[in-house]
Structures are given as structure tokens and as C-alpha cells.
Amino acid sequence: MERFYITTPIYYVNARPHLGHAYTTIVADALARFNKLMAKETFFLTGTDEHGDKIVQAAEKNGMSPQEYVDGISAEFQALWPDLMCENDDYIRTTQDRHVRTVQDILQKVYDSGNIYFGEYGGHYCYGCERFYTEKELEDGKCPDHQTVPEYISEKNYFFKMSKYQDWLKEHIQKNPDFIRPERYRNEVLSLLDSGALEDLCISRPKSRLTWGIELPFDKDYVTYVWFDALINYLTALNYPNGELYKDFWPAANHLVAKDILKPHAIFWPTMLKAAGIEPYQHLNVHGYWLVKDTKMSKSLGNVIEPLKLKDTYGLNAFRYFLLREMSFGQDASFSEEALVGRLNADLANDLGNLFNRTLSMTHKYFEGKVPSPVDEEIEDAEIKQIGREAMKTYQAMFSEFKFSRALEGLWELVRGLNKYIDITAPWTLKKNGEMERLATVIYVLLENMRKIAVHLWPVMPEASENMLQQLGICFDPRKVDLAKEVDVWGLLESDVEIAKTSNLFPRVELPEPEPSNSMESAKEKKSAKAKKNASKQQEGNGFIEFEDFQKLDLRVGTVTGVEVHPDADRLLLVQVDMGEDEPRQVVAGLAEFFAPDDLNGKQVVVVANLKPRKLRKQLSQGMILAVKTEEGMQLLTPTDEVVPGSKVS
């Protein structure tokens, strides 16, 4: 059986979890779920890195021992993942006994092979990075990451002969082009290797300076450098060297990291593995930063975003979808609430949510809520099925290559195609004309494609996916799915199964009003708003018009003959209205929030017929449809009985 091993970096516990941690872990969870659906056995690892100078400093600042401190922060990370629907198979901590044993075992093995030596070293030490920098690595004498001046430290330590493996590593990367991906990071590593001889790595800290770490097995006066400790976690969790997990999953190891820890994973780690006689991992997958107002998230800048607050505000499904859809893997991406709300409303509420709600509603309206049996297919059915096949192939190929944004965009070709398919086939017209066999085929094509979409979305939005499938009368079991076969298999949705009446998984949301800067401004704004509201009410109450003014309005009844969503505005509908003229008029109406297109088709509406035509978002509007806003939503003004289109309201 094919296998897939995915790891996140183990998160450093000198600070609480934030959006960056959530993104990496959600991506790892989505990959594990995707590979399960692709009929692979998977293993998903995450955890926390708990040793080093910064931990001691953070613990002292909080008046705690290092162990007490790491226990508390590690528990926060561990508790967060289930809340984000991340189902890791193991959670590792570098303070666990199993990890200490593995680190000391590998250290002893590398030491015995002659790849570790004792020497004296002087260098610029950055406590933030917990590493030494050479003169040429500094930027204007400062750490390139923290922009602080490192402390010059000279001391005796143990060194790993990393330089010995420079040529081997360069050759391995060149022979395996997808060893580091995306390609830009592969090129960055090769450039580092070409820029000068790879230096040996200092892998210890004297206990006289630091005691919080794993003791070297060959010298009790030293502890292990945090990176030589942390990277080994990927082996510890697989019960290296004799565990079955190690034998099964290490050949399929995929590491997932942010670009700031590229060098340790792309250079330190493979050379460490080579020195220990262990085959290198399969792939290193590197993503960019989430930026807030074009700046990397930083605790010191106060722009760190906590994932649970966003999840609670906008829903877990929208949160997970946004993270995978918005970032092109490998590049930086900007985070904003505006962008999240935009994705939720456009992609989820308008495209996907509208598709489900319309189709479920029509199935109940035309077939008593049961999946109909399809008959002969026509050209429109064949075309949408081909769009579906291409969409699913694109999704699966892009997801396998960690190109999640392109995968979802590919799948949305089918989502949008199905909404257009509804408008083209016009089920309401088929019903009106008594073409029930054709109508049954159209509804089945919609429902079966919706099933396929829901299955494909399980890695990204597991909760929403399972709810969508439940609405289609399906109890989802990922163990019974082979996603690759979904491209060509058709007809798994059984006829006569009862489905849900409606779907409201993705309600539209509005951005919260910005909070005033202080309480005085707040009081002034409230007072001003109240005054405006009262003035408006008074004006409405006393603002009489003359009868002649009313006579200027030409109100006529028309019959809606076609409706589609405005291509550039998800709140607007393009409504075709028969006014008894040579051809229907187009009215651009802000009704999409309250009515699906098929809810309006065939309805009679009251239109302001002599309103001056104008373009709304590049679409001509020739009138205004009258409606009444209520607490429940929106109600159309319509005659009690059907009248001839074009009849004048008087």
C-alpha cells in the first residue's frame, strides 16, 4: 500500500499559537485527508520544540520554571488543533523521554563515526535565533531576522562536520529536482551551497551557560544545540530505528515548513541524516509568510492574529477554505478580514451555497424531495460532465503538488459551471412544459456533481463536506472513497433517496463596524446617528407629495422570464421581465441575498417602468422591481391574481 508521511515543524513554545501556526497545521491536515481519499495510508505529526535559551528567558519572565512554562504553552497548542479540525496521529514534545533517547542515540552514532569533534569557536550569537552568525551573514552588523546586534561569544564546543557533506548535498538536490519545492527555494539552497564552503555546525552549549537541553551522551558538561535536538523529532515519532512506523513511513516523509526555517531543514537536516547513515526525507515543502498590512506577523509589532477568534467570528469552514484558497503555496499572502469575508460571500455563499440551496429546493418542489432517476442525456449534460472531469483532474493534480489555491480554483470551474447549467436548462420551464423526464435528468446531473464536489472538499472543509453529503442523503466514510476514481465514475448517488429541503451552510456575512477610537467619540457618534435617524423619520412623516408627483410614476406588472447572477456583483441579479413589449426588459435588482434565480422565474412583479435607464456594474438596468423589506427578509409586490404582462398599476 502506498503511504504518505506529513510533518509540521515542531512549534517553538516561547509564544502562544497564532495564524502562522494554524495555517501550517491546517495545510498538513488537509494533505493527510487528501491522501487518505487517494487510498494511501497516512501519518500526520505535529508537536512542540521546548529547549533552548529563549525558553529559559520566557520562563523567567513569567516567574516559572522552564518545565512549568513549556507544559502550559504546549498544552495550548495541543488543545487548538481539534478546534481547527486537525486530526494529527501523534503529538511530540522534545522534553519527552522517547525523544531524549532518540537524540542521544543519533548523537552517539554520529560521534562514533568520527563526524563530531571538540574545538574552540568565537562568533556572533543571536539569542533570538539561538545560533552563531559569521560576519558575512550579518546585515550592517545585525541579525538579518531580528535586526538586533548579536553578542560575541568565544567558547569551547562540539562541532558537526557538516562541511564534509557539501558536495553530496548539492548533487542530491540536483539529481532530485523536487527534493525541495517550490523550485524557488531549491534554487535558494543551491545558491547558498555555491556561495562558499559549507561551514561545520556548532551542536552543543556548555552547561555553564545553558542547562535547559538534552545532555550530550559523550560529555555531561554540555547540552545539545536546539536544532540538532528539534529536527530529530521526525524520527522519534516513528520509533526510529526499529519501529514498524519508521520502516513504513520514513521513505514517504514530507516536511512542511515556513521559509524562515529553510536552511536548518534543507542543509542541517539532510547532512545530519547522511552522517547517521539514514536516507534523506522525500520532500521539503516550503510556504511563505502571512502578512498583515504588508508586514510579517510579529508579537513585538502587535499584529499577531489568533486563529480561534477568526474561527469563532466567521466559522471554521470559511476560515480553512480562505487559508488554502488565498495563499499561493510558496509565496507570501496578505491577510485581512475584508479578504476573508469576500471569499466567504463570493465563493462559499454565492457560488457553492447558492448551488446547493437552489438544487435542493427544486428537488423538493419538483420531485417531493427524492433523488430522481435520470433518463437520456443531452448535449448540455455531456458538456457539464466534461467540465466536471477536468475540474476534478485539475484539483487532484494540483493538490498533490501542494498547489492548493489552483486546486480550489479548478474545482470552482465546476461549481460555477453548474450554476450556469441551471440557467441554461431552466428546470422551471421544463416543469411548466411538462417535460418531467428531461427535468429528472437535469436534477440528477446537478445532485451527482454536487456529491462529487462535496467529497473533493473534505480535505479542506471536513465539517461542511460531511454536512453537504448528509444533505444529499449520504453518510460519509473516507475509508470507502477512492478519489482518483471519482473523475470517471458516474451515478453513485442512488435514486429515491430523500434529501434535505434547503442548505444554509454558508450564510452571507457583513464586516463588523470599526470601533471608535475612544468612548467620547463613541458617545458623539451615537448621538449624531440618533439625531440623523430622528430627522429622517420626521422628514418621512411630513414629506407629503402632490398627486401630480405620483402620476409621474409609470408602475407596470411584468412576468419574470429569466434570471442570472450579475457576473461582477454577487448581490445583484440580472432579471429579464416581460412587460408586454417586443422583447423582455433587463432589470438589475439587488435581490440576490433574498432570492435564488429560480425563486423569481415565472413570478409577476411590479416595475417602475419609466425610470431612466442606467448601467449598474456595466449591465443596463431598464427599471426597478418593487419589494418590501421585512424582519424575515424581502417580499415582492405582486398582484393577487395573474394579469397580462404590461398592465398598469393605478
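The structure is a predicted model. Helix α2 spans residues 53-61, and the helix pairs are α13 with α17 and α5 with α6.

**Helix α2**

- The buried residues of α2 are Asp53, Ile55, Ala58 and Ala59.
- These buried residues pack against the strands β2 (11-12), β3 (41-49) and β5 (116-126), and against helix α3 (66-83).
- Gly63 follows α2 and has a positive phi, near 65°.

**Helices α13 and α17**

- Helix α13 covers residues 337-367 and helix α17 covers residues 436-456; their axes come within 10 Å and cross at roughly 145°.
- This crossing of α13 and α17 is left-handed.
- On the α13 side, the contact is made by Leu352, Leu355, Phe356, Thr359, Leu360, Met362, Thr363, Tyr366 and Phe367.
- On the α17 side, Met436, Leu439, Ala440, Ile443, Leu446, Leu447, Met450 and Ile453 take part.
- The contact of α13 with α17 has 15 nonpolar and 2 polar residues, and no charged ones.

**Helices α5 and α6**

- The axes of α5 (residues 166-175) and α6 (residues 183-194) come within 11 Å, crossing at roughly 155°.
- Because of that angle, α5 is roughly antiparallel to α6.
- The crossing of α5 and α6 is left-handed.
- From α5, the residues Gln166, Leu169, Lys170, Ile173 and Gln174 meet Arg186, Val189, Leu190, Leu193 and Asp194 of α6.
- By class, the residues in the contact of α5 with α6 are 5 nonpolar, 2 polar and 3 charged.

Terms used. Residues numbered from 1 in each chain as written. Predicted model: local features only at pLDDT ≥ 70, side-chain atom pairs only at ≥ 80, totals over all residues. Heavy atoms only, no water. Buried < 20%, exposed > 50% of the residue type's maximum accessible area, 1.4 Å probe, protein only. Helix = DSSP H or I, 4+ residues; strand = E, 2+ residues; numbered from the N terminus. Contact = heavy atoms within 4.5 Å. Axes fitted to C-alpha atoms, helices over the stretch in contact; angles between N-to-C directions. Left-handed = near helix turned anticlockwise from the far one by under 90°. Nonpolar A, V, L, I, M, F, W, Y, C, P; charged D, E, K, R; others polar. Parallel < 35°, antiparallel > 145°, perpendicular 65-115°, else oblique.
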